[in-house]
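Work through the exercises below with the model open. Try each task before reading its solution.

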Amino acid sequence: QVQLVQSGGGLVQAGGSLRLSCVVSGSTFRSDVIGWFRQAPGKEREFVAAITWSFDSTYYADSVKGRCTISRNSAENTVYLQMNSLKPEDTAVYYCALRRASTQAYDYWGQGTQVTVSS
C-alpha cells in the first residue's frame, strides 16, 4: 500500500512564496509519477505539475510554468512543490498523487492542503 502525507500550505500575500511537501511511503517503482493537483471552490480539479520518480522529468501546467518548481528528494521519499509569485487565483486545495505505470491512473492521493493567496 502507498501513503502520501502532505505538509505546507497556508495563507500568503500575493507575490509571496510557499513550499508544499509530499512524503511517499510504501511500495514505489521507478516508473511511478508524482503529480500535484489543485481544486478551487466551485471548480474542477486541475493538474499543476508532475515529476517522474526515477528520471526527474518534470511537467507543468501553463498557468504555473515559470512560477512553480517540482522536485524530489529520493533519500527522504519526498516531493516538493515550490510556488513563487503567487496570485489570488492560485488559491485552492492542493493534492499530491501517485500514478502507476501499470494503470496510468492517479490511484493514491494525499490528504490535501489549503493554499490561500490574499490580494
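## Exercise 1: The disulfide

Task: find which cysteines are joined and describe the link.

Solution. Step one: a disulfide joins cysteine 22 to cysteine 96, S to S 2.1 Å; the criterion is a pair of cysteine sulfur atoms within 2.5 Å. The structure holds 1 disulfide. Step two: the link of cysteine 22 and cysteine 96 is right-handed, with 70° about the S-S bond. Cysteine 22 sits in strand E3 (residues 18–26) and cysteine 96 in strand E9 (residues 92–100), so the pair links distant parts of the chain, 74 residues apart. Strands here are DSSP runs of at least two residues, numbered from the N terminus. Step four: both cysteine 22 and cysteine 96 are buried, meaning under 20% relative accessible area with a 1.4 Å probe, protein chains only; exposed is over 50%, and partly exposed lies in between. Step five: check cysteine 68. Cysteine 68 is in no disulfide, and the nearest cysteine sulfur, that of cysteine 96, is 15 Å away. Cysteine 68 counts as buried because its relative accessible area is 6%.

A note on the source: this is a predicted model, where local features need pLDDT of at least 70, side-chain atom pairs count only at pLDDT 80 or more, and totals for chains, interfaces and linings use all residues. Residues are numbered from 1 along each chain as its sequence is written, and side-chain values use heavy atoms, with hydrogens and water left out.

## Exercise 2: The partners of E9

Task: state which strands pair with E9 in the antiparallel sense, over how many bridges.

Solution. Pairing requires at least two DSSP bridges between two strands. Step one: strand E4 (residues 33–39) runs antiparallel to E9, joined by 7 bridges. Isoleucine 34 stands opposite leucine 98 there. Step two: strand E10 (residues 105–109) pairs with E9 over 4 bridges, antiparallel. Leucine 98 faces tyrosine 108 in E10. The hairpin of E9 and E10 has 4 residues between the strands, and glutamine 104 takes a positive phi near 55° in it. Step three: strand E11 (residues 113–118) is antiparallel to E9 over 3 bridges. Valine 93 has glutamine 114 in E11 as its bridge partner.

## Exercise 3: The nonpolar cores

Task: identify which residues of the largest nonpolar core touch the most other members.

Solution. A nonpolar core is a set of buried Ala, Val, Leu, Ile, Met, Phe, Trp, Tyr and Cys residues joined through side-chain atoms within 4.5 Å. Step one: the largest has 28 residues, of which Val24, Trp36, Leu81, Met83 and Tyr94 touch the most other members. Step two: strands supplying at least two residues each include E1, E3, E4, E9 and E11. Step three: take methionine 83. Beyond residues up to four places away in sequence, methionine 83 touches Leu18, Leu20, Cys68, Tyr94 and Val115, among others; contact means heavy atoms within 4.5 Å. Step four: another core, of 5 residues, lies apart, among them Val33, Phe37, Ala50 and Ala97.

## Exercise 4: Threonine 78

Task: is threonine 78 buried or exposed, and what does its side chain reach?

Solution. Step one: threonine 78 lies in strand E8. Step two: its relative accessible area is 5%, so threonine 78 is buried. Step three: the side chain of threonine 78 reaches the backbone oxygen of glutamate 76 at 2.8 Å. Step four: leaving aside neighbours within four places in sequence, threonine 78 is in contact with residues including Ser21, Cys22 and Val23.

Terms used: Polar contact = N/O pair within 3.5 Å; in protein donor to acceptor, adjacent residues only side chain to side chain.
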